[in-house]
Amino acid sequence: MLIPIAPIMRSSTKKKKTGHPGSQDIIKVPLEAGHWSFQPGTVEFITYKSVPAMKLLNRNDTVVLKNLDFTNGTIEYDVQPVSTFTSFYFRRASRKENECFYFRTPSSGKGDAVQYAPHIDGVNLWDMLDQYQAAAWISKDDWNHVKLVISGRQMRVYVNDTSRPVMEVPRLESNTWHGGLAFDGQAVIANLVVKPDQTEGLPPGEGIDITNNDAAYLRTWQITQPMATPDQIDFSKAWIPGKETPWETIRAERRGLINVTRKFGGAENRARRIVWLKTNIRSAVAQTRQLHLGFSDEVWVFVNDKFVYVDKNLYSYPLMKQPDGRCTVDNASFSLPLVAGDNEILIALANDFYGWGIMAKLDKFENMTFDK
């Protein structure tokens, strides 16, 4: 027989500073087994340091809150990590589509101690969005208080200090706008509180992207469908698209990122795939410019049918680019010889690990126009 689960506890507080009567819900989430979905043997519900707590026992098992669909508001919780990573998911439509905030516990005090990254088609885009990591001091011996303020496309993150955010996210990058809450990673969780629609004045529209002012980014490309590469073959010119190859337009997201993950998802079982990207630069004069190229994971670059550059940005391998294998416009720089008139830039991009995409920016925007 199924026993109905009691509804999540809610309390009301008077609205303040508005001059209007009314109430807002504060959801004090019970840390009791009946309110959560999880695999047997992966979670314990205990009293820890005198408060009800939820202990996650395994690194990769997820515990999901039942009966709550979150869109905007403030979420607070206390966490004592046990392992390297401990993650919190919100607007969770599924395991493959969600927003994610997490600790890198061994990086306490370093610039990548905390990170925000969405999951798109099951791919965590940590390697494509290095701007969404920050320094924080994380205790392994005591509670760490986390506060997330989420409003539309924006988020503020507080860790152990609710007076100053450790990270501000001007654009939440997932494909979801609402969904559930979940945790994973070995950790103890307590004092989980959700305040729906209480966003502390944080605007819902996405924040400014200062790179929009920079005309030197190549923002519009044509792209092919992905092709699985044969085993034991790194690259072949026989794969270069022919006249009959179909192309689609793909345009840059923030910071000039051509986000191939959003369009085609990630590799299944790390099966390596290649796409081709092309764009046109119309130069008024013959000139040589430096192209600053961010990429993940491997590129082969041609200009007017001439091979000019090859490189790899493979995390944890000797060819890994700074910063730490992530895709940024500073990954590589090389000469781009341009003739007077049209110049076709053709790039093969391969992927077999997490996100994939490129960023391309010239050192100077002068005597030229780009595809729109």
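## Terms and basis

Two strands count as paired if DSSP finds at least two bridges between them. Helices (H or I, at least four residues) and strands (E, at least two) are DSSP runs, numbered from the N terminus. The model is predicted: local features need pLDDT of at least 70 and side-chain atom pairs count only at pLDDT 80 or more, while totals for chains, interfaces and linings use all residues. Residues are numbered from 1 along each chain as its sequence is written, and side-chain values use heavy atoms, with hydrogens and water left out.

## Strand E24 and its partners

Strand E24 (residues 298–303) pairs antiparallel with strand E27 (residues 341–351) through six bridges. Six bridges also join E24 to E25, again antiparallel. Phe302 stands opposite Leu346 in E27 and opposite Phe307 in E25. E24 and E25 form a hairpin with two residues between them, and Asn304 in the turn has a positive phi of about 50°.

## The loop at Gly325

Gly325 lies in the loop between strand E25 (306–312) and E26. Its relative accessibility is 3%, so Gly325 counts as buried. Leaving out residues up to four places away in sequence, Gly325 touches (heavy atoms within 4.5 Å) Asp127, Asn313, Tyr315 and Met320. Asn313 is twelve residues from Gly325 in sequence, with the two C-alpha atoms 5.8 Å apart.

## A four-stranded open sheet

An open sheet has the strand order E21-E28-E23-E26, with antiparallel pairing. Strand E21 (258–259) and strand E26 (332–338) are at the edges with a single partner strand each, so one side of each has no neighbour in the sheet. Within this sheet, strand E23 (residues 287–296) and strand E28 (residues 357–362) are joined by six bridges. Gly294 has Met359 in E28 as its bridge partner.

## Nonpolar cores

A nonpolar core is a set of buried Ala, Val, Leu, Ile, Met, Phe, Trp, Tyr and Cys residues joined through side-chain atoms within 4.5 Å. The largest has 54 residues, of which Ile75, Tyr77, Phe101 and Phe183 touch the most other members. Strand E17 (residues 187–196) gives the most to this core, with six residues. A second, separate core of 31 residues includes Ile223, Val275, Phe295 and Trp356.

Beyond four places in sequence, the residues that Ile75 touches include Phe70, Phe88, Phe90, Val146 and Leu192.

## The largest pocket

A pocket is an open set of points on a 1 Å grid over the protein atoms alone, where a 1.4 Å probe fits, with protein on both sides within 12 Å along at least five of seven lines; lining residues have an atom within 4 Å of a point. The largest is lined by 25 residues, with Arg59, Phe85, His119, Asn124 and Tyr354 nearest its centre. Strands E8 (85–92), E9 (98–104) and E11 (123–124) each give two or more residues to the lining.

## The whole chain

The protein chain has one helix and 29 strands. Of its 372 residues, 51% count as buried.

Terms used. Buried < 20%, exposed > 50% of the residue type's maximum accessible area, 1.4 Å probe, protein only.
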